[in-house]
Amino acid sequence: MNYQLPMPSLGADMDEGKMVEWKIKPGDKIKKNQTIASVETTKSIVDIESFREGVVKEILAHEGDVIHVGKPIAVLEIEGDEILDKAAVLRPKISPAAKKMAEENHIDLSTIKGSGSEGEILLKDIESQLKTKTQTAYFGVNLRDAISALMSRSKKEIPHYYLKKRIQLDSLITWLDEKNKMSDPEERILLPALLMRAVIISLKKFPELNGFYKSGKFEAANSVNLGIAISIKGGGVMAPAVIEAEKMNTATFNKAVQNLALRTKEGGLKNRELTEGTITVTNVGDLGSDEVYGVIFHPQVAIVGFGRIRKEPVVDHNNELKAGFVVDITLSADHRVSDGLLGARFLNELGKILNEAKLLEKENE
């Protein structure tokens, strides 16, 4: 049977995307999660993946076309019978972003005339109804406006709590220096990658910090898709994720982080990397800040912050004062899902792992 492959939503703030490049052609047999095209959004150029298997029968969207979310971009020939959702036929057509805003503001959709093709209700139609300012529309404005709207919503809806722990890194840095001396330059491990891997390992004991808060309840994630806050050209920050980071060893994760940062700045992110992050880390240490208290990326429930690694007076194991390397690590978490006691235990576990480098080596090596 024929299946019309739709333009996917790459986030709640997306109404449409511009087709940049097809990576398939009629007659190709494609697999689930295979990269099939590149699409431009306000945030970046993203590689989209097919969520169905089949044979490409027809390409509907041409390169350069701007396509609304949900509209067909290609036709696949697939096995099986399609089940008609009769209730969906009766519902007004509405983009994901517009539907979310309408639900949040209790708007009766029957009172709105959609301005999209075939009467589809778009985000701008909801905003017009609310008489909001033009800048609150995410699509068609600069990234700074989109980030502002997203962070404002997060602070409004999520009851944050904040914790900080200062951790000594002398043993970790010594271990890393020795390890890198025996490695080729391109194989050397970066210290930020070790900090992030410690977060991943710690989450095994604290799954309450890894997942989503949706429809009034917490949904624990089955894997750790670690979002990493990355600054981009022209201002603004994106937080694409390393997918299934818990399955990677130190070397593999180190390369994955570097590759993700490169593709964020130059283009080529996949839709899963933008939409399936389960927890985020932010690192402002290289910018000179001693600490950072992040704002949670909705609908995630936690964000970990790394400050500047610096030398300060510390007390060693012999209770003697000396100069040592320290870093302030912060946790911003959703109080609907966890509390300060659990958060403190998480930070303590993180400190334990960072002070015992062998724990980083043991995992998935």
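This is a predicted model: local features need pLDDT of at least 70, side-chain atom pairs count only at pLDDT 80 or more; totals for chains, interfaces and linings use all residues.
A residue counts as buried when its relative accessible area is under 20%.

**Aromatic pairs**

- Y162 lies in strand β9 (residues 160-168). Y293 lies in the loop between β17 (279-283) and β18 (302-306). The two are 131 residues apart, and the pair links distant parts of the chain.
- Y162 is partly exposed, with a relative accessible area of 37%. Y293 is partly exposed, with a relative accessible area of 37%.
- F206 and F346 have ring centres 5.9 Å apart and planes at 85°, so this pair is edge-to-face.
- F206 sits in the loop between α6 (191-202) and β10 (211-214). F346 sits in helix α9 (residues 340-354). Here 140 residues separate the partners, and the pair links distant parts of the chain.

**Charges over rings**

- K214 places its charged end over the ring of F212, 4.9 Å from the ring centre.
- R336 places its charged end over the ring of Y213, 3.7 Å from the ring centre.

**The open sheet**

- Strands of a sheet pair through backbone hydrogen bonds, either parallel or antiparallel.
- Four strands make up an open sheet here, in the order β1-β8-β6-β3, with antiparallel pairing.
- β1 (2-6) and β3 (29-30) are the edge strands, and each pairs on one side only.
- β6 (residues 54-59) and β8 (residues 72-77) pair in the antiparallel sense over four bridges.
- V56 has L76 in β8 as its bridge partner.

**Around L176**

- L176 is part of helix α5 (residues 170-181).
- L176 is buried, with a relative accessible area of 6%.
- Neighbours within four places in sequence aside, L176 is in contact with I189, L190, L191 and L194.
- L176 and A357 are 181 residues apart in sequence. In space, their C-alpha atoms are 8.5 Å apart.

Terms used
Residues are numbered from 1 along each chain as its sequence is written. Side-chain values use heavy atoms; hydrogens and water are left out. Two strands pair if DSSP finds at least two bridges between them. Buried means under 20% relative accessible area, exposed over 50%, partly exposed in between (1.4 Å probe, protein chains only). Rings of Phe, Tyr and Trp (its six-membered ring) pair if their centres lie within 6.5 Å; planes under 30 degrees apart count as stacked, over 60 as edge-to-face and the rest as tilted. A charge sits over a ring if NZ of Lys or CZ of Arg is within 6 Å of the ring centre and within 35 degrees of the ring normal. Contact means heavy atoms within 4.5 Å.
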